[in-house]
Structures are given as C-alpha cells and as structure tokens.
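Let's take a walk through a protein fold together. Have a look at the picture first, and then we'll go through it piece by piece.

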Amino acid sequence: MLAAAGLAGADQNVSPNDRIRIATIGFGGMGMGDTTLAVSLPGVELVAVCDIYDGRLARARELHGDRVFTTRDYREVLARKDIDAVIIATPDHWHATLSIAAMEAGKDVYCEKPMVQSIADGHAVVAAQERTGRMFQVGSQYVTSAVYQKARDLVQSGAIGRLTMVDSWLDRNTAQGAWQYSIPPDASPATVDWDRFLGKAPKRPFEAIRLFRWRNYQDYGTGVAGDLFVHLLSGLHLVTGSKGPERIMATGGLRYWDDGRDVPDVMLAMLDYPKQASHPEFTMSMRVNLKSGVPDERFGFRFMGTDGVITTSMSSLLLEKAPPEREPGYSIGTFPKAVQEEFLREYRRKYPPDARPAAKIEPETFAPPKGYDAHREHHRVFYEAVRTRKKSVEDAVFGFRAAGPALLANASYYEKRMCRWDPDAMTVRG
Ligand SMILES: NC(=O)c1ccc[n+]([C@@H]2O[C@H](COP(=O)([O-])OP(=O)(O)OC[C@H]3O[C@@H](n4cnc5c(N)ncnc54)[C@H](O)[C@@H]3O)[C@@H](O)[C@H]2O)c1
C-alpha cells in the first residue's frame with residue numbers, strides 16, 4: 001500500500017514497489033472503464049467507489065467484489081486514510097469541487113476531461129494543484145497516444161516545414177455517439193441521491209433523463225465543445241507544444257437530436273494561435289458533427305505546413321510532402337502575342353527546360369505497435385507520476401489550457417461573438 005495512512009503531504013515519497021490504493025468517484029461509463037484499466041496495472045488496487053445512483057455501486061461490487069467500500073457520499077471516500085489517489089469521472093459540473101476537495105484531503109487525482117465547467121473553476125483547480133503539491137492528471141488520453149507523439153516529433157522537427165493551419169474533426173452518426181444513453185428502469189428518488197447529483201446546479205425535481213443524459217444540459221455538462229473539442233485541443237497542444245489560442249469563434253446548431261437538449265449537436269470553431277516559443281502563428285478549425293452520415297466515428301487532424309501535411313486518425317498517421325516546385329510556371333494567355341514571346345524568352349533564360357522526370361516523394365505512414373492502448377498508457381503514466389512525484393503529462397495547467405478555449409467556443413456560440421483568450425495567463429480578454 002502507498003501512503004502509510006494519513007501521510008498525505010506533498011513531500012510524500014512512494015517506493016516504486018508500493019501499492020497504490022485508489023477510489024473512483026462517479027462509476028458510470030468512463031469511471032468503470034478508467035477503473036478497469038487502472039487495476040489492470042501492476043500495484044494498483046481499488047478500495048472504494050462512490051456514486052449517487054445505487055445501481056452503479058451494485059455494479060462496482062459485481063465487478064470488483066464486495067470488499068470494495070461503496071458509498072453515495074464522496075466525503076466518506078476522501079476521509080479514508082487508506083486511499084492514495086482518486087479517479088473522478090462524474091459529470092463535468094462536479095469536476096472542480098471534487099478535484100479540489102480530493103487534493104486538499106491529500107489524494108492524487110486523475111480527473112476526467114474537461115477539467116472544469118467554468119473558467120473560474122480552472123483557476124481554482126490550478127491553484128489547488130500548486131497549493132497542495134498533489135499529482136493531478138486530466139483524463140484526455142490522446143495526450144498519451146503514440147500517434148500524437150509521432151505527430152509531435154514530426155511537426156517539431158520540421159517535417160512539414162512551417163505550420164500554417166490545422167483542420168480537426170470529430171464526427172459521429174449514432175444515437176449512442178450523440179449521448180442517447182440508456183436510462184435504468186429502477187432510477188427513482190429512492191435509488192438516486194438527486195440533490196448530490198445537482199450539486200451547485202440549479203435545484204429542480206427529480207428527472208432521470210437529466211442524470212443519465214447529463215451531457216445534453218448546460219447545467220451539468222459542457223456540450224460538444226467541452227466533451228469533444230477538448231480532445232482536439234489537448235491533441236493539438238501536445239503536437240505543437242502550444243499554450244493555446246488568442247481568438248476563438250464558434251458557430252453551429254441543433255440539427256438533428258432535438259430531444260430536449262439545450263446544447264448544439266453540430267459545432268464549428270475557428271481559432272487563431274499566436275506565435276509561441278514552439279510554433280509560428282497558425283489557424284485552426286475544429287468540427288464536431290453528431291449526425292455526420294459516416295458509418296463509424298471519425299476523429300482526426302490535418303496539420304498543414306509549408307512543406308507537407310500530416311493527417312491523423314485515432315490509430316494512424318500519414319505524412320505527405322509535395323516536391324519543391326522547380327519553376328514558378330506562368331500565366332500569360334491574356335498578354336498580347338509579342339509580350340508573351342518576350343516573357344517566354346526571359347522565362348526560359350531564367351528557368352532552362354528541365355528534362356528530368358517530375359520528382360515524387362512517397363508518403364510515409366505510422367501506426368502504433370499492435371495492442372498499444374493510449375487510454376491504458378494514460379493511466380500508466382499517472383500511476384508512474386504518483387510513484388515518482390514527477391509532474392504528470394497532463395497536469396492542471398495543461399488541462400485548463402485545453403478546457404478554457406473549449407469553454408470560450410461555447411461562449412462564442414451562445415453569445416454570437418468572438419472571444420479573446422490570453423493563453424499565458426489563462427484569462428479571458430475583453
Ligand atoms: N476521456 C474520455 O475519452 C472520456 C469518455 C467518456 C467520458 N469522459 C468523461 O468522464 C466523465 C463521466 O462521463 P460518463 O460518460 O462516464 O458519464 P456517466 O453518466 O456514465 O457517469 C457519471 C457517473 O457519475 C455519477 N455521479 C453524478 N454526480 C455524482 C456525484 N456528485 N458524486 C458521485 N457520483 C456522481 C453518476 O451517477 C454516474 O454514474 C465526464 O466528465 C466525461 O466528459 C471522458
């Protein structure tokens with residue numbers, strides 16, 4: 001076991017052989033998946049699970065045994081001295097409160113993306129990470145993806161020349177992909193701690209759909225921007241080493257899933273990235289379409305540079321380069337004949353005819369090794385940080401630098417205006 005119980009200071013030293021004892025708060029789809037991956041790693045053990053729906057606590061005991069302590073009240077988890085780290089996988093409106101409370105209680109934290117639901121919460125989580133010295137990692141697993149790491153190495157070594165523009169997209173076309181999640185037939189005020197689900201959200205009577213499809217409501221989620229743009233922003237910031245954009249504009253609408261949700265299902269954002277230490281100025285577009293007409297989920301980037309393009313999917317990368325132009329060519333058809341002839345004489349003096357066959361550069365591809373799982377790897381690096389006390393790959397500052405612009409994409413969409421962001425200070429400008 002890590003942490004002789006209660007020794008939860010920032011200077012806590014963990015021997016590489018120590019067991020890390022964890023708890024999961026929010027045992028829905030992602031909490032369950034995160035927990036399965038965490039306990040599949042050597043030396044990680046599940047001690048407790050917290051959820052406000054009894055069915056999910058029952059499911060945790062089915063999967064992990066009755067010895068796992070289960071509770072509706074996260075404070076009972078944080079008060080336990082035998083827990084070293086917590087996974088936070090609740091709806092977004094609880095992330096900051098739980099992350100801060102957990103770090104204050106001396107726990108290291110793996111918090112699902114988006115790190116926060118508001119800009120103010122972002123500053124509070126960053127401050128808590130600094131104040132407590134706890135290990136904190138956001139759960140945007142693509143940051144640990146071998147594909148994005150390869151893209152980072154290529155972009156930063158100049159393989160595509162100077163970066164000029166980035167396109168990115170996350171398209172889905174299924175009901176589950178559009179968050180039409182199943183509602184358990186036993187959901188009721190008796191099986192759900194409704195007030196604790198609501199937390200700081202506006203009070204309202206029990207309504208199962210708002211809990212089990214919480215992403216569809218601004219009170220609890222962050223819409224497609226917080227849910228999905230965040231993955232694109234995290235990937236982009238890893239690849240480019242960027243701190244973030246300075247201008248954000250988004251548009252979109254509710255085009256298909258008109259099921260009572262108050263968030264769009266189609267969204268397009270444009271972002272201006274200023275010159276920073278690791279990259280020149282560039283422009284980025286992000287698109288999410290939850291009724292896209294494609295059979296499978298498509299998630300990718302096109303990094304465009306002066307000398308080539310890198311296209312990524314979730315599990316592959318393609319590097320394409322155009323050979324440099326030998327001559328600029330000409331467009332002289334509108335000139336009088338004599339002027340054309342004079343132009344051509346001069347042109348051929350400068351660019352003598354070249355009989356060599358046109359140059360061709362074969363595209364290069366990359367795929368991670370078979371069995372590579374970015375999500376499992378993202379957990380592995382978190383527990384490594386817990387053991388070594390070295391900053392995690394996606395700490396609160398990185399997490400906020402992805403969440404902040406995503407939240408401003410929402411502000412831009414709802415308020416129909418351009419938003420300005422200071423990527424260094426992580427503050428809204430004007
Ligand atoms: N990294 C990824 O690729 C990825 C994928 C899916 C979800 N997520 C993130 O994971 C989080 C959870 O999403 P999900 O799809 O698992 O949702 P979910 O609805 O399946 O699970 C959320 C769980 O939290 C519980 N809960 C709500 N309020 C709680 C509280 N105050 N205390 C304890 N439990 C509470 C709910 O009862 C539910 O079981 C979200 O922030 C989401 O953005 C990340």
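## A walk through the model

W179 is buried, with a relative accessible area of 1%; buried means under 20% relative accessible area, exposed over 50%, and partly exposed in between, worked out with a 1.4 Å probe on protein chains only. What you're looking at is a predicted model, where local features need pLDDT of at least 70 and side-chain atom pairs count only at pLDDT 80 or more, while totals for chains, interfaces and linings use all residues. Residues are numbered from 1 along each chain as its sequence is written, and side-chain values use heavy atoms, with hydrogens and water left out.

Back to W179: you'll find W179 in the loop between strand 7 and helix 7 (194–198). Helices (H or I, at least four residues) and strands (E, at least two) are DSSP runs, numbered from the N terminus. The phi of W179 is near 75°, a positive value in a residue other than glycine. Most residues other than glycine have a negative phi, and most peptide bonds are trans. M426 also has a positive phi, near 60°, and sits in the loop between strand 15 and strand 16. M426 counts as buried, at 9% relative accessibility. There's a cis peptide bond too: it joins K113 and P114, with omega about -15°. P114 belongs to the loop between strand 5 and helix 5.

**The whole chain**

Zooming out, the protein chain has 12 helices and 16 strands. Its C-alpha trace spans about 90 × 50 × 40 Å along the principal axes. Of the 430 residues, 53% are buried. Among contacts (heavy atoms within 4.5 Å) with a separation of 6 or more, 71% are between residues 24 or more positions apart.

Where does H379 sit? H379 is in helix 11 (residues 374–388). H379 is buried, with a relative accessible area of 0%. Leaving aside neighbours within four places in sequence, H379 is in contact with D34, L37, A38, L41, I87 and Y110. Other buried residues of helix 11 include F382, Y383 and V386. Their cover includes helix 1 (29–39), strand 4 (85–88) and strand 5 (108–111). At the start of the helix, a side-chain oxygen of D373 comes within 2.9 Å of the backbone nitrogen of H375. Just after the helix, R389 takes a positive phi of about 60°.

Helix 5 (residues 119–132) has its own buried residues, among them I119, V125 and T132. These buried residues pack against partners including helix 4 (95–104), strand 6 and helix 12. Just after helix 5, G133 has a positive phi of about 70°.

**Cores**

A nonpolar core is a set of buried Ala, Val, Leu, Ile, Met, Phe, Trp, Tyr and Cys residues joined through side-chain atoms within 4.5 Å. In soluble globular proteins, nonpolar side chains tend to be buried together. Which residues touch the most other members of the largest core? Of its 85 residues, F229 and F303 do. The largest share of this core, 12 residues, comes from helix 12 (residues 396–415). Apart from it lies another core of 20 residues, including I22, L41, Y110 and Y383.

D171 is in strand 7 (residues 163–171) and counts as buried, at 8% relative accessibility. D171 and L290 are 119 residues apart in sequence, yet 6.0 Å apart in space, C-alpha to C-alpha. The side chain of D171 also makes a polar contact with the side chain of R287 (2.3 Å). A polar contact is a pair of N or O atoms within 3.5 Å; within protein, one must be able to donate a hydrogen and the other to accept it, and residues adjacent in sequence count only if both atoms are side-chain atoms.

**The ligand**

There are 28 residues around the ligand, and M30, D51, D92, Q141 and W214 come nearest; near means that a heavy atom of the residue lies within 4 Å.

| Residue and part | Ligand atom | Distance |
|---|---|---|
| M30, backbone | oxygen | 2.7 Å |
| G139, backbone | nitrogen | 3.0 Å |
| H231, side chain | oxygen | 3.3 Å |

The protein covers 93% of the 840 Å² of accessible area that the ligand has on its own. Accessible areas come from the Shrake-Rupley method with a 1.4 Å probe; for residues, only the protein chains shown count as cover.
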